[in-house]
Amino acid sequence: MGPEKQRVVTLARVPTGQPVLTDFAISSVPIAELAYGFVRVQAQYFSPDPYLRGVLSGRHLLHRCEIGSTVPSFMVGVVVESRDADYAQGDWVVGEGGWQEFALLQNRLRRAGHALLDCLGGHL
C-alpha cells in the first residue's frame, strides 16, 4: 500500500508581474482511488511552459487556473500503479498531471520516448 496523502501546488492568488512564491500554496491532500482505465503516475519533472503565465492570470483563451486549484502543466513521471492494460508499473510517461506528486491520468497519456529519457538521463 502506498502513501495516503500527497503534496499539491495550488494557485493562492493571481500573479501580478513575475510570479513569486506567495502566489502559490502547497497542501497535503488525500490520494484518490485508482479507477479502471486510469494509471497513477509519480511525477519526476514538471514543465513550466511560458503559456502558464496566461493560464494563471486568466488571460489564456482555452485554459484557466482558479484560485485553490492545482497548477496545470505537463509532467514526466513513472507509472506506480495501473488499471489500464496498455501501461505497466515502471513505464515512463508524459501527461497533463499538474503540479502534484501523484496524478491519475487517462487517455491523453503518452509514453516518454527514448530521446526524452536520454536527455533527462543525467538527471535521473
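Modeller: A residue is called buried when its relative accessible area is under 20%, exposed when that area is over 50%, and partly exposed in between, using a 1.4 Å probe and protein chains only. By that cut-off, buried residues make up 33% of the 124 residues in the protein. This is a predicted model, in which local features need pLDDT of at least 70 and side-chain atom pairs count only at pLDDT 80 or more, while totals for chains, interfaces and linings use all residues. Residues are numbered from 1 along each chain as its sequence is written, and side-chain values use heavy atoms, with hydrogens and water left out.

Biologist: What makes a set of residues a nonpolar core, and which residues form the largest one?

Modeller: The members must be buried Ala, Val, Leu, Ile, Met, Phe, Trp, Tyr or Cys residues joined through side-chain atoms within 4.5 Å. Two or more of its residues come from each of β3 (39-47), β4 (74-82) and β6 (102-105), and β3 gives the most, with three. A second, separate core has eight residues, including V9, L56, C65 and V71.

Biologist: Which elements does the protein have, and in what order do they run?

Modeller: Helices (H or I, at least four residues) and strands (E, at least two) are DSSP runs numbered from the N terminus. The protein has two helices and seven strands, running β-β-β-α-β-β-β-β-α from the N terminus on.
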